[in-house]
Amino acid sequence: MKKILIICHYAQQPPLNTMLRYHNWGKELTHRGYKVTIIAASTVHNTDIDIIEETSRKKDVCDGVRYYYIKTPKYTGNGIQRIKNMLSFCLGLRYFRNLNPDMIITCEAYLYPFVNHYFKGVSIITDTVDLWPESIVEYANFSRNNPLIRTLYGLEKKAYLKSDALIFSMEGGKDYVREQPYSKKINYSKVFHINMGCDILQKDKELEGISFNLGWNPDNFNIVYCGSIRQANQVQQICDAAWEIQKRGYDTIRFQIYGNGDDLEMLKKYVTENGINNVSFYGRIEKDRIPYILANGRANILTYKHVPLMKYGGSQSKLFDYLASGRPIICNAKFGYNLIERYRCGVVAENQSAGALADAIEKLYQVDVTELSEMGIRARQAAEAYDQPVLVDKLEEVFKYVIENKNGACI
């Protein structure tokens, strides 16, 4: 069982993409003697990049991992064009039936029926890194009775019941399954947790090999955000907290925001019109530059709109980027299974108000240098507990389970 196929719409090769969960898995599995292939869409989410147009190739090899790309139409936002993009990816899987994998990992439940149809008889592991469609309902205010949402819930149910194993990146994934109407039909021995984690060796190499002019004063108390700039990420709250910090007279606290998304231009205009002069935006940044940026800040900031979904825990890639940098973390949301609180490596705001986030920032600013350093050390220790070799050990345990229960995992 050494030929592993990973199917994920958003798993394009680095440096063109920043969602490296499957690339990191593939790279480590390749070192262990597996043959790993990843099928992804040609379009990179939240960008206008099309891999096939960018490289003139429909396939490639990166770090020993073989990539195939399905040509998909470009889109912006979450409307009909994105649905067309997703459907074209799903239908394009039919061209890869001759790969003959021993085992398949799919990213997100909606892919299961397509994968099961095109790769009959092959064991399927469904890996969930975003609780679709629950996150759409809670973050984008869609009705649960919306026909598309009902369809996605149906696909999720089928995947959870029929997959040979389930992996959740959020630690409370099993809690989520237990709350579903079909929970009693689930075989819970097939439910596993593997968090996002990070490739610490790669990040350290990038930190050693890359330096550039950041454009900000290193003597300031620079707080860094790296990630998407969309409604769900609540980046406006950073701006509002920055305004509160500015009013409190903390001239040396500065906010350096890296990333792209639907809200970027609006927020640039927002800080200008409201005289918020301690916030700077830098747009999308290459993934391999992030370790250098984070290492030069005093703290990192993680913001999300608080929704009930958070009780299942967070598994954001940027959280592990932050942890690996060895800097304290400021968070505006009380996640379940919170690693920041578990490892005592930062501060969490008491509520979702800008004032509460400003209070958390002020609290960290007033911490003495020794304690800040110790927080950073604990953050790094947390990252090491979720390093890729550790996570792939867990992934191989899932493989072992599937092999041993090949005829008994489906209900």
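Visitor: In which helix does aspartate 321 lie?
Guide: The model above is predicted. Residues 317-324 form one of its helices, H12. Aspartate 321 lies in helix H12.

Visitor: Is aspartate 321 buried or exposed?
Guide: A residue is called buried when its relative accessible area is under 20%. The value for aspartate 321 is 8%, so this residue counts as buried.

Visitor: Which residues lie nearest the centre of the second largest pocket?
Guide: Helices H1, H8, H12 and H16 each supply at least two residues of the lining of this pocket. The lining has 30 residues. Those nearest the centre are His23, Asn24, Lys27, Asp199 and Gln202.

Visitor: How many residues in the lining of the second largest pocket are charged?
Guide: The space in this pocket is about 510 Å³. Sorted by class, its lining has 10 nonpolar and eight polar residues, and the charged ones number 12.

Visitor: How far apart in space are isoleucine 403 and glutamine 388?
Guide: Isoleucine 403 is found in helix H16, which covers residues 388-404. In sequence, isoleucine 403 and glutamine 388 are 15 residues apart. From C-alpha to C-alpha, the distance between them is 22 Å.

Visitor: Why does isoleucine 403 count as partly exposed?
Guide: Partly exposed covers the range between buried, under 20%, and exposed, over 50%. Isoleucine 403 counts as partly exposed because its relative accessibility is 44%.

Visitor: Where is histidine 9, and with which side chain does it make a polar contact of 2.4 Å?
Guide: Histidine 9 is placed in the loop between strand E1 and helix H1. Its relative accessibility is 0%, so histidine 9 counts as buried. Apart from residues up to four places away in sequence, histidine 9 touches several residues, including Ala40, Met86, Phe89 and Tyr110. The polar contact of 2.4 Å joins its side chain to that of asparagine 85.

Visitor: What is the omega of the peptide bond from proline 14 to proline 15?
Guide: Proline 15 is also found in the loop between E1 and H1. The bond from proline 14 to proline 15 is cis, with omega near 5 degrees.

Visitor: Which peptide bond is cis with omega near 0 degrees?
Guide: Proline 133 has its place in the loop between E6 and H5. The bond with omega near 0 degrees runs to this proline from tryptophan 132.

Visitor: What is the phi of glutamate 108, and what is that of arginine 344?
Guide: Glutamate 108 is in the loop between strand E5 and H4, and at 6% relative accessibility it counts as buried. Arginine 344 is in the loop between helix H13 and strand E14, and with a relative accessible area of 54% it is exposed. Each has a positive phi although it is not glycine. Phi is near 85 degrees in glutamate 108 and near 50 degrees in arginine 344.

Visitor: How far does helix H6 reach from its first C-alpha to its last?
Guide: Helix H6 has 16 residues, 147-162. At 1.5 Å a residue, the expected reach is 22 Å. The value in the model is close to that, at 23 Å.

Visitor: Which elements do the buried residues of H6 pack against?
Guide: The buried residues of H6 are Ile149, Leu152, Tyr153, Glu156, Ala159, Tyr160 and Leu161. Residues three or four places apart in an α-helix point the same way, because there are 3.6 residues a turn. The buried residues of H6 pack against H4, E6, H5, E7 and H7.

Visitor: Which residue has a side-chain oxygen within 2.8 Å of the backbone nitrogen of leucine 148?
Guide: This contact lies at the start of H6. The oxygen belongs to asparagine 146.

Visitor: How far apart are the end C-alpha atoms of helix H9?
Guide: H9 has 13 residues, so at 1.5 Å a residue it should span 18 Å. The distance in the model agrees with this, at 19 Å.

Visitor: Which glycine follows H9?
Guide: Buried residues of H9 include Val235, Cys239 and Ile245. After the helix comes a glycine with a positive phi, near 90 degrees: glycine 249.

Definitions and conventions. Residues numbered from 1 in each chain as written. Predicted model: local features only at pLDDT ≥ 70, side-chain atom pairs only at ≥ 80, totals over all residues. Heavy atoms only, no water. Helix = DSSP H or I, 4+ residues; strand = E, 2+ residues; numbered from the N terminus. Expected span 1.5 Å × (residues − 1). Buried < 20%, exposed > 50% of the residue type's maximum accessible area, 1.4 Å probe, protein only. Contact = heavy atoms within 4.5 Å. Polar contact = N/O pair within 3.5 Å; in protein donor to acceptor, adjacent residues only side chain to side chain. 1 Å grid on protein atoms, 1.4 Å probe; cavity = no way out; pocket = protein on both sides within 12 Å on 5 of 7 lines; lining within 4 Å. Points joined across faces, edges and corners; volume = space filled by probe spheres on them. Nonpolar A, V, L, I, M, F, W, Y, C, P; charged D, E, K, R; others polar.
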